[in-house]
Amino acid sequence: HQVLRVVPSSHEELQRLQELQGLEHLKLDFWLAPRGLGSPVDIRVPFPSLQPVKAHLEASGVSYSIMIEDVQELLDEEQREMIRSSRRLPLSTSTFNYEAYHTLDEIYAFMDMLVAENPNLVSKLEIGRSTENRPLYVLKFSTGGSNRPAVWIDTGIHSREWVTQASGVWFAKKIVEDHANNEGVASILDTMDIFLEIVTNPDGFAYTHSTNRMWRKTRSKHSGSICVGVDPNRNWDAGFGGSGASGNSCTETYHGPYPNSEPEVKSIVDFVKAHGNIKAFVSIHSYSQLLLYPYGYTTTPVPDQQELHELSAKAVAALSSLYGTKYKYGSIITTIYKASGGTIDWTYNQGIKYSFTFELRDTGRYGFLLPAKQIVPTAEETWLALKVIMEHARDNMY
Amino acid sequence: IPDFGHKYYLQFSTEDYRTGENAGSCLATVLYPRKKSPPVVSIKCSHTKDQNEIQEEDNTLYQRIRQQSKPITGSNIPDSYGNIEPALEPAWALAVAGSSSIMWEKSTEDLGYFLAQVKSVKQWMRKDDFIEFDYTVLLHEMPTQEMISCHMRLTWLPGHPLREKHFCAPQNHGLEEGSGLGSGSAAGLSEERGANF
């Protein structure tokens, strides 16, 4: 269907238009009926009548313009927009739905709202750009000081692990709430800063929404690689390229052409080195319900093995205390499998003693497709474990 | 066991997949010979449910499926958000059972699996009393982290063991995303095609 506009400039033209109104079989729909000279007349013309109507107008020398080339197209676009806006961005972090999974845009909007609502506590840092040029944002929670000892938490490094980004959003809000109520991590914030990267792999995350829910890696294309993407948890410079990663670009554990080839990884490496005062580093994954410390690339135990093992026991006990969720813990290589080029192996070797990886819920029943109603319980219990780790770091400064 | 392989002694408890209720415990030994062949398993389990209870539940499930007026079809179970439509639960339950057979056959001392998602299900109506489903399932392989796509044809009648035939897509390390150097959507397309071969 098209919508035609005629502006009658003579009585004959006006008459022609009025005639059209009488021709019922044409099924014309006058959005603007003929009123007088100079007043536009808008007519929605169904497809079968287009030819005769245009012929009638042209034969009478009545000029017209096509206002809308295709009404259906407009309707379809409106429909799409309505669906989009029914996921309307909330107006504040109080109306944000923490019990649902969100898109990248929604999470980035959340971050901006959180900063806007708490400018004295939260700031947003851009630490780099992804392969597809998406900004890599880190939220900084700080009550002041200058380059205070800090805790780093990242979620979503593997994009299909959706409960982790969702938990990261919840953590961000929780930190702000605790601070406002002077409880929980408020005391940690007296002496330490917290850095939180919620969407560590935004290209992968966007891809899980648009194309493949099970995408894990980044979306980089390296010359010489047939396939897309590098496993960002095999791309760190710790035992890089050793067994526990794959050299085949078409596999899920492809380590990449060289360490830190991925901007998502390199930006964190640069940040950590430049900061120089990070005391605890936690990288969050799903699923399996595990708390892990280094190493993954070698069976050699870390020098701080005993302390990390005992701390893990405490953290896991705190986690389980909430809903009874059972976690196992230990070094990566003894608890899960050999993995080289992993995040926390690198951070530990940089001197960040309290380097941990979580594998959140569940143990395989839903796996990556964890029902949204488990987001908040998962975030709540994990937060208890994170607090144990942060408090220990604060009380055992090194 | 020197010059032979590895023997594992296992003690584990089981849960009802739907309800999470305790379903009994098992003691097992699994012997993996050095040469790659299926392991030798001996297993003994205690069940919390008796035969009658199990039979009753099987019949309820069976009736639920038979009562549908149209053949059951569906895709992405659970969906991206972890939801399973109630109407598709029975089909999903049978997929879980059938997939366990595939996973049992494929797993080795170094490779394990989880059912990641039922990509599609289509019911085939039969003249006899058997229920028949065609599935595409995604298996999450550990520790490789790969998603393996398998086509599974399953038949069942209460009182009879579940029967399944399957074919899992070979790991195309290089073929699936051959056009991946092109636009992002082309890579996406070939991946989807690969998953549904």
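Q: Over how many bridges do strand E2 and E3 of chain B pair?
A: Strand E2 covers residues 22-33 of chain B, and its pairing with E3(B) runs in the antiparallel sense. Strands here are DSSP runs of at least two residues, numbered from the N terminus, and two strands pair if DSSP finds at least two bridges between them. For E2 and E3(B), the count is 8 bridges.

Q: Before going on, what kind of model is this?
A: It's a predicted model, where local features need pLDDT of at least 70, side-chain atom pairs count only at pLDDT 80 or more, and totals for chains, interfaces and linings use all residues. Residues are numbered from 1 along each chain as its sequence is written, chains are lettered from A and ligands numbered from 1 in the order written, and side-chain values use heavy atoms, leaving out hydrogens and water.

Q: Which residue is the bridge partner of B:Val30 in E3(B)?
A: E3(B) spans 40-47 and is an edge strand, pairing on one side only. Within E3(B), the partner of B:Val30 is B:Val41.

Q: How far from A:Asp154 is the nearest side chain of opposite charge?
A: A:Asp154 sits in strand E7 of chain A. It is buried (under 20% relative accessible area, 1.4 Å probe, protein chains only) yet has no salt bridge, meaning a side-chain nitrogen of Lys or Arg within 4 Å of a carboxyl oxygen of Asp or Glu. The nearest side chain of opposite charge, A:Arg234, is away by 12 Å.

How values were computed: Helix = DSSP H or I, 4+ residues; strand = E, 2+ residues; numbered from the N terminus. Buried < 20%, exposed > 50% of the residue type's maximum accessible area, 1.4 Å probe, protein only. Lys, Arg positive; Asp, Glu negative; His and termini not counted.
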